[in-house]
Structures are given as structure tokens and as C-alpha cells.
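These are my notebook entries on one protein chain. I set down what I looked up, element by element, with the criteria used.

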Amino acid sequence: MVKPTKVTNSIRALREVEGMTQAELARRIGVTRQTIIAIEQEKYSPSLELAFQIARVFGVGLDAVFQYPEGNAS
């Protein structure tokens, strides 16, 4: 069983604002659509490099895409 990550994200909302599909985002950053699905469902945390690429596609900072709850600095 895969343990969900504590990192949450706003990728779906950002994609919808842009009218972008999961497949289009995946193509733009060089991953599979399944990877985007797993990240959006918070079943997978992307590498730092991939996180920056995602943020860059939307023209926003990392903290606009990914959130880490307060008090989880373990």
C-alpha cells in the first residue's frame, strides 16, 4: 500500500484556470499523464526539479502550487 504524502497541491485548480489537460501538462514537463494523476491525487510527491517545472508552466512560485501543512517539520 502506498502511503499518501503530506504535501498538498493546487495543480488541478491551476490547470482548470488555464484550460489545460493532464496530458498537456505532462507533455510540457516531460512526464506521463499517470504521473500527473498521482501528483494531483497526492499519492506521489514530485522531485524538487519537477516541482519547479510545474510551477514554471503556470508562471507561479512553488508555494502557489505545493503546500506543506504547518507543524510537519519531522
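**Entry 1: Asp-63.** I began with Asp-63, which lies in helix H5; helices here are DSSP runs of H or I with at least four residues, strands are E runs with at least two, and both are numbered from the N terminus. Asp-63 has a relative accessibility of 65% and therefore counts as exposed. I took buried as under 20% relative accessible area, exposed as over 50%, and partly exposed as in between, with a 1.4 Å probe and protein chains only.

**Entry 2: basis of the values.** I note that the model is predicted, that local features need pLDDT of at least 70 and side-chain atom pairs pLDDT 80 or more, and that totals for chains, interfaces and linings use all residues. Residues are numbered from 1 along each chain as its sequence is written, and side-chain values use heavy atoms, leaving out hydrogens and water.

**Entry 3: the chain as a whole.** I recorded 5 helices and 2 strands in the protein chain. Their order from the N terminus is β-α-α-α-α-α-β. Of the 74 residues, 28% are buried. For contacts (heavy atoms within 4.5 Å), I looked at those with a separation of 6 or more: residues 24 or more positions apart account for 61% of them. The chain exposes about 5,000 Å², of which carbon and sulfur atoms supply 53%; the areas come from the Shrake-Rupley method with a 1.4 Å probe, and for residues only the protein chains shown count as cover.

**Entry 4: helix H1.** Which residues of H1 are buried? I found Ile-11, Leu-14 and Arg-15 within the helix, which spans residues 11-18. They sit on the same side of H1 because they cover an arc of only 100 degrees around the axis, the arc being that of the directions from the helix axis to the C-beta atoms. Arg-12, Glu-16 and Val-17 are exposed on the other side of H1. The buried residues of H1 pack against strands E1 (8-9) and E2 (66-67) and helices H2 (22-29), H3 (33-40), H4 (48-58) and H5 (62-65). Just after H1, Gly-19 has a positive phi of about 70 degrees.

Entry 5: Leu-25 belongs to helix H2 and, at 0% relative accessibility, counts as buried. Residues up to four places away in sequence aside, Leu-25 touches Ile-11, Arg-15, Met-20, Ile-36, Val-57 and Phe-58. The C-alpha atoms of Leu-25 and Ile-36 are 7.7 Å apart, at 11 residues along the chain.

Gln-22 is also in H2. Is Gln-22 buried or exposed? Its relative accessibility is 16%, so Gln-22 counts as buried. The side chains of Gln-22 and Glu-40 form a polar contact of 3.0 Å; I used N or O pairs within 3.5 Å, within protein one able to donate a hydrogen and the other to accept it, with sequence-adjacent residues counted only if both atoms are side-chain atoms.

**Entry 6: H2 against H4.** I found these helices packed at an angle of about 115 degrees, their axes 10 Å apart. From H2, Leu-25, Arg-28 and Ile-29 make the contact; from H4, Leu-50, Gln-53, Ile-54, Val-57 and Phe-58. Axes are lines fitted to C-alpha atoms, for helices over the stretch in contact, and angles run from 0 to 180 degrees between N-to-C directions.
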